[in-house]
Amino acid sequence: FYYEVLKRGARRLAYPCVIAGGQRATILHYITNDHIVRDGEMILMDSGAEYHGVSSDITRTWPVNGRFSKEQRAVYEAVLRVQKEAMKMVKPGATMHEIHSYSAHALLENLLAAGAVDTSAEKSELDQMFARCYPHSIGHFLGMDVHDTSNIRPSALLPGMVVTIEPGLYLTDHRLIKPNFRNIGVRIEDNVLVTKNGQEVMTRGITTEPDELEHLWASKADAEC
């Protein structure tokens with residue numbers, strides 16, 4: 001990845017890459033990056049480059065063997081649905097707080113709908129479990145630094161601002177997570193420009209569609225045969 005960053009004209013990485021497989025994908029900002037990834041696991045890769053003084057910050061998640069399991073696809077599609085709707089909310093006048101509030105509510109609904117959670121528990125325990133499944137905000141401002149203007153919290157988005165939209169679900173071995181869904185970590189992150197009339201997804205050229213990801217890996221395998 002670093003070679004491609006330099007080859008394509010960027011001067012450096014924007015930050016140390018997170019390349020986490022399997023259970024390690026449930027650890028935020030995992031940067032050890034020295035474990036073997038195994039068949040049946042997924043890889044979460046959070047990486048970016050600094051190009052002419054401007055940083056990018058992108059995350060993609062995909063199955064090591066090129067095929068999502070039933071449970072992996074259910075979690076992945078839950079995150080993707082929320083991300084698509086959250087990106088539509090990026091526009092002048094919107095706030096990151098509003099977008100985050102939507103994402104938290106929708107991720108919990110999607111997680112329950114996927115059948116990943118034992119719903120017989122008390123609401124307070126479900127809330128505690130979900131706080132571990134989604135322990136970060138929906139995104140941050142992006143510019144000369146990866147977390148740009150971190151000490152400024154504008155009340156509303158304005159044209160020309162760039163934000164990340166990065167919902168995620170990190171399913172650990174919590175007792176309320178059903179066994180087949182444990183140790184699945186998914187985050188999908190894109191860079192979104194606030195325009196006069198809405199938004200532009202600047203990283204849309206890197207696919208997030210699960211069928212396209214599987215096709216990409218199948219094509220790669222065929223080419224190597």
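The chain contains five helices and 11 strands, where helices (H or I, at least four residues) and strands (E, at least two) are DSSP runs numbered from the N terminus. The radius of gyration, taken over C-alpha atoms, is 18 Å, close to the 17 Å given by the globule rule for 225 residues, so the chain is as compact as a globular protein of that length; the rule is 2.2 Å times the number of residues to the power 0.38. The model is predicted: local features need pLDDT of at least 70 and side-chain atom pairs count only at pLDDT 80 or more, whereas totals for chains, interfaces and linings use all residues. Residues are numbered from 1 along each chain as its sequence is written, and side-chain values use heavy atoms, with hydrogens and water left out.

Along the principal axes, the C-alpha atoms fill a box of roughly 50 × 45 × 30 Å. Of the 225 residues, 46% count as buried (under 20% relative accessible area, 1.4 Å probe, protein chains only). Among contacts (heavy atoms within 4.5 Å) with a separation of 6 or more, 67% are between residues 24 or more positions apart.

An open sheet is formed by three strands in the order E1-E4-E5, with antiparallel pairing; two strands pair if DSSP finds at least two bridges between them. Strands E1 (12-13) and E5 (54-55) are the edge strands, each pairing on one side only. Between E1 and E4 (residues 49-51), the antiparallel pairing runs over two bridges. Arginine 12 has glutamate 50 in E4 as its bridge partner.

Methods: Buried < 20%, exposed > 50% of the residue type's maximum accessible area, 1.4 Å probe, protein only.
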